[in-house]
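Here are my notes for a first look at this one. Have the model open while you read, and go through the points in order.

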There are 2 protein chains.
Amino acid sequence: MVRRSQTEVAVLGALSVAPMTGYAAREAIRDVLGHFWSESFGQIYPTLAELERVGHIRRQESMAYELTDSGRTRLRELLAEPAQRTPPRNGLLLRLFFGRQLGPEACRDLILAARTEAEESLSRYAFLRAEVAAEDSPDTPYSLLTISAGEHAARATLAWADESLTALNRLEDPR
Amino acid sequence: MVRRSQTEVAVLGALSVAPMTGYAAREAIRDVLGHFWSESFGQIYPTLAELERVGHIRRQESMAYELTDSGRTRLRELLAEPAQRTPPRNGLLLRLFFGRQLGPEACRDLILAARTEAEESLSRYAFLRAEVAAEDSPDTPYSLLTISAGEHAARATLAWADESLTALNRLEDPR
DNA sequence: GCCAGATATATCTAACAGATAGCACAGGTC
DNA sequence: GACCTGTGCTATCTGTTAGATATATCTGGC
């Protein structure tokens, strides 16, 4: 089985919204897709070069890249492919699994940090949601779907963290 | 900032449970940590060689590697380091974000597939939970923490999927 | 003895993250 | 006007990682 680069989808997707430079694409991906996707320069520039080579994108006079017709078709093709899931790598859970070696206090700190992060995510999502809802474009419902996914995940983390902190306390001080 | 290989933690962690070969370590990581961590052979073997070189592990007569004292110390050190989070890459949400290009039916199929996967995860977690609880070792509470995290995440996915399917239906057939 | 499948060890390629570096241009600040 | 600083922008390099693949060995069934 051939591994496909996922970067192509993100880059073509970004350019489908508006023509932009590689730098701007990275900014857009970070700011708009940031809560569920990320790209690095090291991936973006080679991908842009390759996409230009095969004619899916083209440079405007302003240095910005724009999607060609074949690029638009290509994006639809790639979107229709089944989403390949990235293998899980959760450093927090890896540490908690070996938590006995680490001690309950350190574990509690780890969980508290995750809890704080989830709360920050939630307020960021609230902001994003308001921003997106205000636009009211045909893309809005789909954006809201991804924001909602983030909110559900963050709330799940909060609930898990509280439950886990209770469990850890019981472990240290069993009644 | 220096990037640290996370593989070291997982490999030392696996060997801290019992001495084993590289192959067995991979199996153990997949079966026991599989729902939140993954390693490939391409990572495991070079890591084992390096760990042996610096004396954190040593080969038994049986070809299995075992942790040395310095390896055990090293594991504690690594566990104490803050968990570095991996950048998000969610192929499902990436596709849904550009869902208008894809059409509501295809989006619904994507969400349904995610929903099914979450349900399968939940039943796997139920099985795991029973298995781990039956052991009742000092490590059990920590294992349960990671299983609980998986369950919360899977239930969040279910709730999100149902909500999203409703939203998509309303989009196609607004009353 | 022979085959199939599991066990086991490795290696190679490509995907990817993140650091770094360089350049142009803008806006101060002395 | 010289100098500094920030930022927009285009890269490139290194190390990490995933996953495919090659190749034995060992074991049980036929």
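**Notes on the model**

1. Start with the record: an unreviewed UniProt entry lists residues 89-168 of chain A as "domain: Transcription regulator PadR C-terminal". UniProt positions are given here in the numbering used for this model, feature names are shortened, and annotations may be inferred rather than shown by experiment. In the model, that span is 90% helix and 0% strand, and its end C-alpha atoms lie 23 Å apart.

2. A word on ground rules. This is a predicted model, where local features need pLDDT of at least 70 and side-chain atom pairs count only at pLDDT 80 or more, while totals for chains, interfaces and linings use all residues. Residues are numbered from 1 along each chain as its sequence is written, chains are lettered from A and ligands numbered from 1 in the order in which they are written, and side-chain values use heavy atoms, with hydrogens and water left out.

3. Now chain A as a whole. It has 8 helices and 2 strands (DSSP runs numbered from the N terminus: H or I of at least four residues for helices, E of at least two for strands). From the N terminus the order is α-α-α-β-β-α-α-α-α-α.

4. How far does the C-alpha trace of chain A span along its principal axes? About 70 × 40 × 30 Å. The radius of gyration of chain A is 21 Å, whereas a compact globule of 175 residues would have one near 16 Å (taken over C-alpha atoms; the globule rule is 2.2 Å times the number of residues to the power 0.38).

5. Have a look at Ser16(A), which sits in helix α1 (residues 7-17) of chain A. Buried or exposed? Ser16(A) counts as buried because its relative accessible area is 15%, and buried means under 20%, exposed over 50%, partly exposed in between (1.4 Å probe, protein chains only). Leaving out residues up to four places away in sequence, Ser16(A) touches Leu67(A), Arg72(A), Leu75(A), Phe98(B) and Gln101(B) (contact means heavy atoms within 4.5 Å).

6. On to DNA strand C. It has 20 residues around it, and Ser5(A), Ser40(A), Gln43(A), Tyr45(B) and Arg89(B) come nearest (near: a heavy atom within 4 Å). The surrounding residues divide into 6 nonpolar, 10 polar and 4 charged.

7. Finally, Arg89(B) again: one of its polar side-chain atoms lies 2.9 Å from a phosphate oxygen of DNA strand C.

Note on methods:
Polar contact = N/O pair within 3.5 Å; in protein donor to acceptor, adjacent residues only side chain to side chain. Nonpolar A, V, L, I, M, F, W, Y, C, P; charged D, E, K, R; others polar.
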